[in-house]
Amino acid sequence: LNKPIINMKLIIAATLAASAAAFAPAQVAQTSTALNAFEGEVGVQAPLGLFDPLGLLDDADQERFDRLRYVEVKHGRIAQLAFLGNIITRAGIHLPGNIDYAGNAFDSFPNGVAALIGPD
């Protein structure tokens, strides 16, 4: 009669220990790369660290990193404006006036790729 109670207590204790271990913080291996100089920058995330698949920052200093960050933000903003311009012209909103001195109006050209290759 005493043996099943001891077994049950052992099972309960093992279950509690296993569930407590599930919530313990995991050990993260520290990687050693040449990019450790930029690990404190904004946008660096825990599992990957600094994501540089092309190796543009292999032998870079802080000035090169800042330049590449600036150029990345600038190109992102240009891409956002290009997308917004595409959406606006597809909605039928065009700039007023003529695009050239021959009298061609902005709204006389089709939207999207048809403006480049023509309506045919």
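How many residues in the lining of the largest pocket are nonpolar, polar and charged? I looked this up in a predicted model. My count for the lining reads 10 nonpolar, 2 polar and 3 charged.

**Pocket.** I noted a volume of about 410 Å³ for the largest pocket. Its lining is made up of 15 residues. Nearest the centre I found Leu50, Phe51, Leu57, Arg69 and Glu72.

**Confidence.** I checked pLDDT next. The protein chain averages 82, and 85% of the residues score at least 70. Helix 2 has the highest confidence in the chain, at a mean of 93. Helix 1 (residues 2-22) has the lowest, at 78. I keep one caution in mind: where pLDDT is low, the predicted coordinates should not be read in detail.

**Helix 2.** I counted 29 residues in helix 2. From first C-alpha to last, helix 2 reaches 42 Å, close to the 42 Å expected at 1.5 Å a residue. Just after helix 2 comes Gly92, where I read a positive phi of about 95 degrees.

**Phe106.** I then moved along to the loop between helix 2 (62-90) and helix 3 (114-117), where Phe106 sits.

Terms used. Residues numbered from 1 in each chain as written. Predicted model: local features only at pLDDT ≥ 70, side-chain atom pairs only at ≥ 80, totals over all residues. Heavy atoms only, no water. Helix = DSSP H or I, 4+ residues; strand = E, 2+ residues; numbered from the N terminus. pLDDT = per-residue confidence, 0-100. Expected span 1.5 Å × (residues − 1). 1 Å grid on protein atoms, 1.4 Å probe; cavity = no way out; pocket = protein on both sides within 12 Å on 5 of 7 lines; lining within 4 Å. Points joined across faces, edges and corners; volume = space filled by probe spheres on them. Nonpolar A, V, L, I, M, F, W, Y, C, P; charged D, E, K, R; others polar.
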